[in-house]
Amino acid sequence: MNALPPLREVIARHGLSASKALGQNFLFDEQLLDRIAAIPGSLDGQQVLEIGPGPGGLTRALLRAGARVTAIEMDPRCLPALAEVEAAFPGRLRVIEGDAMKLAHGIEGPFHIVANLPYNVGTALFTGWLSGESWPPQWASLTLMFQLEVAQRIVATPGTGAYGRLAVLAQWRSAARLAMKVHRSAFTPPPKVMSAIIHVTPAPMPSAVSARMLERVTEAAFGQRRKMLRQSMKGLPGALAALESLGIDPQRRAETLSIAEFVAVARALS
Ligand code: SAM
């Protein structure tokens with residue numbers, strides 16, 4: 001492996017001033033990047049799909065960990081810097097220029113997905129990766145940076161204010177954990193909010209449940225989260241009868257239902 005110059009020098013040489021529109025907040029600390037690349041477990045010889053490599057800090061860490069990386073980057077200004085990384089790790093990095101919202105779902109697995117993305121893009125891709133009807137998915141794990149508050153919603157448990165659609169989606173057939181908090185000062189430029197990395201692995205899917213139906217149930221239930229289920233779910237045909245047959249009190253509110261109870265309602269309606 002050829003020695004690569006420090007990331008700050010790469011940024012300066014290629015004129016990569018951070019674009020706000022593309023949500024660019026870069027990580028330069030190699031030790032932190034190595035710790036992030038270690039979250040999925042050993043990547044030696046594994047395929048990784050990285051979204052938004054930017055100047056390539058996390059990409060380098062993934063390659064140092066032994067991964068083969070396919071990286072999708074939308075900002076053409078980053079491509080020369082990424083070409084240098086490619087040259088330092090011959091045959092182990094493939095860079096695709098384009099919008100991950102259009103490209104990320106067309107790539108053949110199995111692979112680990114690792115990304116430090118703008119929050120809006122990250123949440124949209126995340127819900128897409130979790131809501132496919134076919135299971136297990138193409139990905140072996142997701143390691144994704146989110147705004148701390150979103151990360152807390154992903155791992156939230158019933159009875160808490162953070163528990164909602166995102167928690168049910170992330171946990172009904174996956175194991176989701178908050179792997180690491182990342183202080184805003186770790187980024188250049190620092191964002192306004194704190195961040196955290198979520199790690200998700202697929203689990204067995206409960207039988208006879210449709211992802212789409214579960215989504216409809218949680219959409220109705222949490223759409224009016226302060227209301228009792230008998231009010232919030234009355235617009236979903238068959239839902240009130242399903243609650244009754246399952247012995248779920250319709251006076252309860254959505255945030256008191258366990259994930260298993262949501263799954264049971266969706267199964268009864270499927
Ligand atoms: N991975 C680098 C790091 O950790 O320092 C950069 C992180 S920066 C928060 C997000 C990166 O995602 C930027 O390089 C940005 O250009 C890229 N990006 C933003 N939207 C994208 C999209 N829709 N598809 C692909 N890349 C995108």
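I searched the whole structure for salt bridges and found eight of them, taking a salt bridge as a side-chain nitrogen of Lys or Arg within 4 Å of a carboxyl oxygen of Asp or Glu. I note that this is a predicted model, in which local features need pLDDT of at least 70 and side-chain atom pairs count only at pLDDT 80 or more, while totals for chains, interfaces and linings use all residues. Residues are numbered from 1 along each chain as its sequence is written, and side-chain values use heavy atoms, with hydrogens and water left out.

I looked up Glu84, which forms a salt bridge with Arg13, the closest N and O atoms being 2.8 Å apart. Glu84 lies in helix α4 (residues 79–88) and Arg13 in helix α1 (residues 7–13), so this pair ties together parts 71 residues apart in sequence; helices here are DSSP runs of H or I with at least four residues, numbered from the N terminus. Glu84 is partly exposed at 23% relative accessibility, and Arg13 is partly exposed at 45% (buried is under 20% relative accessible area, exposed over 50%, partly exposed in between, with a 1.4 Å probe and protein chains only).

I then turned to Asp75, which pairs with Arg77 at 2.9 Å between the closest N and O atoms; Asp75 is buried at 4%, whereas Arg77 is partly exposed at 30%.

Within helix α7 (residues 148–154) I found Glu149 and Arg153 four residues apart, about one turn of the helix, and their salt bridge has its closest N and O atoms 3.6 Å apart.

Last, I recorded a network of salt bridges linking Glu30, Asp34 and Arg64.

Conventions. Helices (H or I, at least four residues) and strands (E, at least two) are DSSP runs, numbered from the N terminus.
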